[in-house]
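Please consult both alongside the points below.

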Amino acid sequence: MTPTLATVDLSGRWDLRDASGEHACAVTFPGDGITALHEAGLIPDPYAGRNEYGLRWIAERDWTARRVVPLGRTDVELVAEGLDCVCTVRVNGQVVLSTRNAFRRFRADLSGAARVGENLVEITFHSATRAAEDAQAAQPFVVPYAAQNCPIPNGNMLRKPACDFGWDWNIALAPFGVTGALRIEPVGPRIDDILVHQTHLPDRIEVALTIRTANIADGTLLSVSLCGETVAAPVAAGRACPTLTLRGADLWWPAGLGAQVLHELRVTGAGATATRRIGLRELTLVTEPDAAGLGFRFRCNGRDVFARGANWIPADALAGRISAGRTRDLLQSAADAHMNMIRVWGGGRYEPDSFHDACDELGLMVWQDFMFACNLYPSTPDFLSEVQAEVRDNVARLQHHASLALWCGDNELIGALDWFPESRADRDRYLVSYDRLNRAIETALHETDPAANWWPSSPSPGPLNFRDAWHEDGSGDMHFWSVWHEGRDFDHYREVSPRFCSEFGFQSYPSMAVIERFAAPAERNIASPVFESHQKNAGGNARIAETMFRYFRWPERFADFVWLSQVQQALAMKTAVTHWRSLKPHCMGTLYWQLNDTWPVCSWSSLDHGGGWKVLHHMARRFYAPVIVTAVPDAGALALRAVNDTSGPVTLTIAWHAARLSGETRPLGTAGLTIGTEAATPVATLPPGTLGPDEILAFTWQGGGHSGGDIHAPLPWKAYDLVDPGLALTATRDGACWRIGLSARALALFATVSADVPGRFSANALTLFPGHPAGITFTPDDPAAIPAFTLQDLWSATMAPR
């Protein structure tokens, strides 16, 4: 190894060993130790069978990663991001850094430990479970955690992803490793964070920058360029604060409202250079009192935006299995389903720059939780100091992103005050403790970015309002879980009118290809131990089955049961979203739970682990379309309403029919309307008795480049005697994709095509009428693959003779 004067990248291979010396293997950073042990063949796949339970011993041990690093100088610093979690870093046997926060950036002076030539760098990852237990014991009073979610205790004591200790959709392994950059660099001039503040005026945009520097002398001029404008600003006390005036520059818009234009911002001086991609936009959270309570909406460049989206959890339970490309694919799927917002949930991690770069490019606004979820947390001075450092780090790192719409203090901590016997018995103590934490977060946020959009908690009726935001729907944001957790029917979604629903969901099973990865054929039964180990929500399997009895005739085959669970989930989310969209502008956002999965599991996701689209995601692409028409039951009548989330009025031709199960239709009405953007538009009201006992409502719309269709069944599907639709499928190769033709002789419901190779369908879960064939495409991940296709629909799954 040749010593170098340049930065030494420490990513790549390290040698890993536990404290006893019993286990040793290579580990790749960024990455995690559990993935390394599996790749070395020392442990089985944690995601298969019930292997999880036999692998929790890993978190109970200390592990040390070692690497020899050549250096040509000693005036160097270690840069470490995402050390997970309680770590001691040594260089040549000397402690240079001790950490207790997986969410921070660290920089350590190595001048007293480094030497010219070879240097031994060691990172000891101390047992998270022991560190958490010790921290709990040191608290002045018990700080309870959500044991129903976390089988590994006391995760709330550590600044580490809460879901690492288990969740009602996650494996519980408390992994360790490095999730971010790791390098040694010479001490020298550098440009660290660049904070961007925009003032949008009628004739210009003022862009004020706060540039944080290190090792650059006062008075040194920095050159700043943006959109063809260049200014110079002097450094003073480690900062430069130039302002650029821009005229005629293109704006950044959320998806569906305009282009996602990003401009390069370049800062140079004293031999240092930094660049950022900046979107010019004015993005605000608008909360105004009204007759119903307190509104909640986002406004971009003067236009109110209905937020259509989902909640994001980590792309994988193990950091070593996450890649920027895979994450981008998940976000692309969100954008492809017409989403314009992603909520980064507070029990995971602050995502890397590549995540936010992708959101900037795709027009996905980011609701960013701080990383606190569903537990109570300490409020001791040392804990709050660590939290504030974490807040400052991440706010400064992410603030410049055009997609960043909101910082939210936590997920469900207000509700958690009523979840534990300790806090119920002494609510004042725990409420004061929570308020100290929440205020510490808000203070650090606004010290770093005074103009940041802030919301104290989710759900919350508003600042300093600690009421029930799970059932009260007039103010702020709401989490609505009564349908899933309380077993209410889908119509209950229509009985609430949230201002913004930031969580609601319904479970389904993963697709068969995913199930086959963790369950052998004999284990493919929802009551088998393996299957139950991949259902982390208590009572979840029973709730899926109970709901299926409510709405459908029972499927005999396991594969049909799995598929029907996905149809059921999709119908639940469609009921909620289409109704709440019809309430615009009273309701201005729906973010369903959840977009993705961390491992193969029964969950609320619309994307399988690995990124495959469930039925819900295909339906979301339709119910999140910018222009839709929806049917809303209203005291026995049916009201048709049109919704337009585009940037201008759209003129539609709308037609509605009564449809029999044979596929025969009779016209009921048509309308030509111009649909504005400010509020849902009434189309027609169908009085009671319009539909016969064996009829459903079918309706279509088209105009202004938008088209679609939908159906509404007044009764549960089990009440209808479906007939064999005579489904037919043709498949023809066309370059890298396959063109699939679908036709039916009678009404075919939720017609879904599957392939035996991974890939992407352009559409699925379709309603087919006789004489109206449909064409879709399938693009396999491997262009050379020759897939075999299978077809499911409601009749074949629940009524076809066996």
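The model is predicted, so local features need pLDDT of at least 70, side-chain atom pairs count only at pLDDT 80 or more, and totals for chains, interfaces and linings use all residues. Residues are numbered from 1 along each chain as its sequence is written, and side-chain values use heavy atoms, with hydrogens and water left out.

**Nonpolar cores**

- A nonpolar core is a set of buried Ala, Val, Leu, Ile, Met, Phe, Trp, Tyr and Cys residues joined through side-chain atoms within 4.5 Å; buried means under 20% relative accessible area, exposed over 50% and partly exposed in between, with a 1.4 Å probe and protein chains only.
- The largest nonpolar core has 139 residues, of which F370, W580, Y592 and W717 touch the most other members.
- Helix α13 gives the most to this core, with 12 residues; helices (H or I, at least four residues) and strands (E, at least two) are DSSP runs numbered from the N terminus.
- Beyond four places in sequence, the contacts of F370 include Y350, W407, D410, I441 and W454, where contact means heavy atoms within 4.5 Å.
- Another core, of 45 residues, lies apart from the largest one and has L55, V76, V91 and V178 among its members.

**Cavities**

- On a 1 Å grid over the protein atoms alone, a cavity is a set of points where a 1.4 Å probe fits but cannot get out, whereas a pocket is an open set with protein on both sides within 12 Å along at least five of seven lines; lining residues have an atom within 4 Å of a point.
- Grid points are joined across faces, edges and corners, and a volume is the space filled by probe spheres set on the points.
- The count comes to six cavities of 30 Å³ or more, and the largest cavity holds about 90 Å³ of space.
- Residues lining the largest cavity include F141, N375, Y377, L413 and Y434; helix α8 (residues 427-448) supplies the largest share of this lining, four residues.
- The lining of the largest cavity has nine nonpolar, two polar and no charged residues, where Ala, Val, Leu, Ile, Met, Phe, Trp, Tyr, Cys and Pro count as nonpolar, Asp, Glu, Lys and Arg as charged, and the others, Gly among them, as polar.
- The second largest cavity has a volume of about 70 Å³.
- It is lined by 14 residues, of which F125, H126, A128, A174 and F176 are the closest to its centre.

**Second largest pocket**

- This pocket has a volume of about 1,400 Å³.
- Of its 50 lining residues, E81, R105, G180, D353 and R397 are the closest to the centre.
- Strand β21 gives the most to the lining of this pocket, with five residues.
- By class, the pocket lining comprises 17 nonpolar, 14 polar and 19 charged residues.

**Two individual residues**

- H617 is in helix α14 (residues 615-623) and counts as buried because its relative accessibility is 0%.
- The side chain of H617 reaches the backbone oxygen of S333 at 2.9 Å.
- Beyond four places in sequence, H617 touches residues including S333, M339, Y592 and L607.
- W554 is found in the loop between α12 (540-551) and α13 (558-581) and counts as partly exposed because its relative accessibility is 38%.
- Beyond four places in sequence, W554 touches A545, M548, F549, F561 and T798.

Note on methods
A polar contact is a pair of N or O atoms within 3.5 Å; within protein, one must be able to donate a hydrogen and the other to accept it, and residues adjacent in sequence count only if both atoms are side-chain atoms.
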